[in-house]
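Me: I would like to learn how to read a structural model step by step, taking each kind of feature in turn. Could you give me the general idea first and then the case at hand?

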Amino acid sequence: MFDSEHDHAKYQSGEPAKPDEITEEGIIISPDTYRDQRIPPGQSRTRKWPILHASYVPNVPTEDWQLKIFGLVEKEIDLDWDQFQALPRCKVFADFHCVTRWSRLSNIWEGVSTQTLLKLAGVKPEAKYVVCHAYDNGWTTNLPLEDFLADDALLADTHDEMPINDAHGGPVRGMVPRLYAWKSAKWIRGIELIARDKPGFWERGGYHNHGDPWTEERFGY
Ligand SMILES: Nc1nc2c(c(=O)[nH]1)N[C@H]1C(S)=C(S)[C@@H](COP(=O)(O)O)O[C@H]1N2
Ligand SMILES: [Mo]
């Protein structure tokens, strides 16, 4: 189904769906998809879905998967797969932009919204940033709480109506469509709320701390 670079089953042969063509009730349309020019500066459309990560593909069977929400929260939360599946679901139509200059348009993600998850834990007023922790060797990414709680941000377990496979971060990955793709943690296992920002893996490696694709926040602070 996929090789080390591309997910062939996800090839997009035609034009990308436009937000107005998405008629499903309740689906959240990522606002960037309404732009006249949907491809941010310096990016080009990929019809394939590249597979990118810093190290290796961890194998996380759903029986072993766990999500912890911790740090500056009212109540620390530990969810297993069944508990995650029992939460209210959301569906999002969004584009996805990697800083290596590809953009994959018109993705449909389904899972649990970051708003729903953080409501379970209760965010303390001092919390201003989020660190997402992943199963691949302690990989992390940081982002402002406000960006993490965007209406179109979620923890996704399906993409284009199919379970997210291991290579793309299954069983569950973060998805924050309005920032560059490295802010969307594959194999997510923890959401940490903090008061003072703490750069993650790529941010320490020279990528921009924030990562807005529309202003090309690619490298540097
Ligand atoms: N846990 C984890 N998440 C990660 C990464 C990683 O190395 N580890 N790489 C990021 C980068 S740089 C990109 S471009 C996207 C790639 O997602 P994809 O492989 O599904 O296209 O995942 C992001 N999330
Ligand atoms: Mo990336």
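Predicted model: local features only at pLDDT ≥ 70, side-chain atom pairs only at ≥ 80, totals over all residues.

Reply: Residues are numbered from 1 along each chain as its sequence is written, and chains are lettered from A and ligands numbered from 1 in the order in which they are written.

Me: How many helices and strands are there in the protein?

Reply: Helices (H or I, at least four residues) and strands (E, at least two) are DSSP runs, numbered from the N terminus. The protein has 4 helices and 12 strands.

Me: Which feature does UniProt place at residues 57-202?

Reply: UniProt positions are given here in the numbering of this model, with feature names shortened, and annotations may be inferred rather than shown by experiment. The unreviewed UniProt entry lists "domain: Oxidoreductase molybdopterin-binding" at residues 57-202. Over that range the chain is 13% helix and 40% strand, and its end C-alpha atoms are 17 Å apart.

Me: What radius of gyration does the protein have?

Reply: The radius is taken over C-alpha atoms, and the globule rule is 2.2 Å times the number of residues to the power 0.38. For 221 residues, a compact globule would come near 17 Å, and the protein, at 16 Å, agrees with that. The C-alpha trace spans about 45 × 40 × 35 Å along its principal axes.

Me: What share of the contacts in the protein with a separation of 6 or more comes from residues 24 or more positions apart?

Reply: Two residues are in contact if their C-beta atoms, placed from the backbone, lie within 7 Å. Among contacts with a separation of 6 or more, 70% join residues 24 or more positions apart.

Me: Which residues come nearest to ligand 1?

Reply: A residue is near a molecule if its C-beta atom, placed from the backbone, lies within 6 Å of it. There are 18 residues around ligand 1, of which H53, A54, A134, A181 and K186 come nearest. For the classes, Ala, Val, Leu, Ile, Met, Phe, Trp, Tyr, Cys and Pro count as nonpolar, Asp, Glu, Lys and Arg as charged, and the others, Gly among them, as polar. On that basis the shell has 12 nonpolar, 4 polar and 2 charged residues.

Me: Where does H53 lie, and is H53 buried, partly exposed or exposed?

Reply: A residue is buried if 20 or more other C-beta atoms lie within 10 Å of its own, exposed if 12 or fewer, and partly exposed in between. H53 lies in the loop between β2 and β3, and H53 is partly exposed because 16 other C-beta atoms are within 10 Å. Leaving aside neighbours within four places in sequence, H53 contacts D136 and K186; K186 is 133 residues away in sequence, yet 8.5 Å away in space, C-alpha to C-alpha. Over the whole protein, buried residues make up 36% of the 221.

Me: Which residues touch the most other members of the largest nonpolar core?

Reply: A nonpolar core is a set of buried Ala, Val, Leu, Ile, Met, Phe, Trp, Tyr and Cys residues joined through C-beta atoms within 7 Å. The largest one has 44 residues, and V130, L154 and I188 touch the most other members. Elements that each supply at least two residues of this core include β3 (66-71), β6 (102-113), α2 (114-121) and β12 (188-194). Beyond four places in sequence, the contacts of L154 include C90, V92, W109 and M175.

Me: Which residues other than glycine have positive phi, and which peptide bond is cis?

Reply: Phi is near 70° in E161 and near 50° in W187. E161 lies in the loop between β9 and β10 and counts as exposed because it has 8 C-beta neighbours inside 10 Å. W187, by contrast, is in the loop between β11 and β12 and is buried, since 24 other C-beta atoms lie within 10 Å. The peptide bond from G170 to P171 is cis, with omega near 10°, and P171 is found in the loop between β10 (162-163) and β11 (173-175).
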